[in-house]
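Please look over the model below.

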Amino acid sequence: MTLPVMSVFRLVRAGFVMAREGVFGLVALPDLPAGPRIGIAMARLLERGSVKDKSAELRLSDALNKLGPSYVKLGQFLATRADVVGKDAARELSALQDRLPAFDHEAARAAVREQLGRPVDEIFHEFGEAVAAASIAQVHPAIIRQKDGSEEKVAVKILRPGVARRFQRDLQSYYLVARLAERFHAPSRRLRPVAIVDTLAQSVAIEMDFRLEAAALSEMAENTSDDPGFRVPSVNWMHTAKGVLTMEWIDGRKMSDVDGLIEDGHDLEALGAAVIQSFLRHTLRDGFFHADMHQGNLFVHPDGTLVAVDFGITGRLNKRERRFLAEILFGFITRNYRRVAEVHFEAGYVPADQDVDMFAQAIRAIGEPIHGHDASEISMARLLTQLFEVTELFDMRTQTQLIMLQKTMVVVEGVARSLNPNLDMWRTAEPVVGSWIKEHLGPVGKLRDAGDVVSALTRAANDLPIFADRIGHMSEALERMTRDGLRFDRETAESIGRAEARHTRSGRIALWVIAACALVLTYLAI
């Protein structure tokens, strides 16, 4: 494996910055082999004297912010992967604040002009300074004057200049580390490091195309149009492009401002329940959920309506996965651990060569502590976390969509408990989960599934004449090939000839280059 020089250089720089900020001091040395333990001890010699008084979260936050937007996003992504970085590191990374200094106001105006094809003053009656800045974008308040003379306040989200190029460059370093891990560290192959970087790359590419975020907002608005106490901002499509998103301005209180919510007279218990029930409703009913539902992305409108913003990261579960999730939760509630284990095997989450009874035993070790305790003491998010912890014992391959779900569940539960420390997760979730299970796993759901099967068979039957015709043509072609041999048409033969000629020329050039190098080396040796 050849190592790209610039990727190695960037990794060395990243290691130096992390050492200076005291990140390596967070590693538990007794748990490491001798080699890594010595390396980390040497790296700690580079620590700043001031880092000793910093918390773990602040050390990580300072180091990743100094390394730039792509490392901040990497830290946030790894916070969702406790199976990769461990529970303690994931908890510290989850506290990472995605806050960077705002870029220049004139640069923001130039970006709007480039993306929307018109000067800012022609589009907006007013365009204010940035009110929030993160690793990928920043938000400006603006006012649009309508044709009838009325004014509409909007939020304009603008992509950081050059951020896409920087991400692509740093991704090469991440891929290098992932490939080295897969090649030289066999235990890590189960976690599929290269696939993890693939997921990060795809997630960031989607997050940096604001047209896709606008589409996510639009889809969520349709899904939740009849939901009580929940909505999302409307999108101004005429003033939205790949690097600019214009949407409704939300006048509300951030959910992180608990004291302000109390001053406004909001019912915190009702808000906590709304957060949990909205998330579960989106996940089970729609199979489409906000995957970054922390306090900073949630506003409370003066009338008590919950408003979610920043849909750069979303998650999806197909109908089959939603059914498995509901059966797993229902199995824990009813203490049917054998069924929970069987669902994992049916879903393909656990390899077929594993022992279902042993897996059921591991599930029981997670489920039994739930029973006999007050519901307010039980964390659904912790249950899911423990469930994923047993996967390594049974060689369960990483299921990205489930990890995203588990991470979001932990965040959502944390938000709800910050509003109501005595939140009863199970009682709060029951109206949504219970009705979904009744509808989809009860007699009505069985009939609907049977109808889906009949519809699928009907479609297949309608397509049988087409399949038969295609098979007939294929059979005739194979018969001719057997009788006459493989034949190319004239165009194909000429293309092969041109490719062969290019290959021959390339071979001659390569030989001349090798010969020239040999002569130079011989001359230097003499």
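The questions and answers below go through these topics in turn. This is a predicted model, in which local features need pLDDT of at least 70, side-chain atom pairs count only at pLDDT 80 or more, and totals for chains, interfaces and linings use all residues. Residues are numbered from 1 along each chain as its sequence is written, and side-chain values use heavy atoms, with hydrogens and water left out.

Q: How far apart are the end C-alpha atoms of helix α7 (residues 105–116)?
A: Helices are DSSP runs of H or I with at least four residues, numbered from the N terminus. The expected span is 1.5 Å times one less than the number of residues, so the 12 residues of α7 should span 16 Å. The model agrees with this, the end C-alpha atoms being apart by 17 Å.

Q: Within what arc do the buried residues of α7 fall, seen down its axis?
A: Buried means under 20% relative accessible area, exposed over 50% and partly exposed in between, with a 1.4 Å probe and protein chains only. In α7, H105, A108, R109, A111, V112 and L116 are buried. Taking the directions from the helix axis to the C-beta atoms, these residues line one face of the helix, because they fall within an arc of 160°.

Q: Which residues are exposed on the other side of α7?
A: The buried residues of α7 pack against α8, β1, β3, β4 and β6 (contact: heavy atoms within 4.5 Å). On the other side, the exposed residues are E106 and E114.

Q: How many residues does the largest nonpolar core have?
A: A nonpolar core is a set of buried Ala, Val, Leu, Ile, Met, Phe, Trp, Tyr and Cys residues joined through side-chain atoms within 4.5 Å. In the largest one, M255, F279, L280 and L298 have the most contacts inside it. Its number of residues is 76.

Q: Which residue forms a salt bridge with K157?
A: A salt bridge is a side-chain nitrogen of Lys or Arg within 4 Å of a carboxyl oxygen of Asp or Glu. For K157, the closest N and O atoms of the pair are 2.9 Å apart. K157 lies in strand β4 and its partner in helix α11, so the pair ties together parts that are 56 residues apart in sequence. The partner is E213.

Key:
Helices (H or I, at least four residues) and strands (E, at least two) are DSSP runs, numbered from the N terminus.
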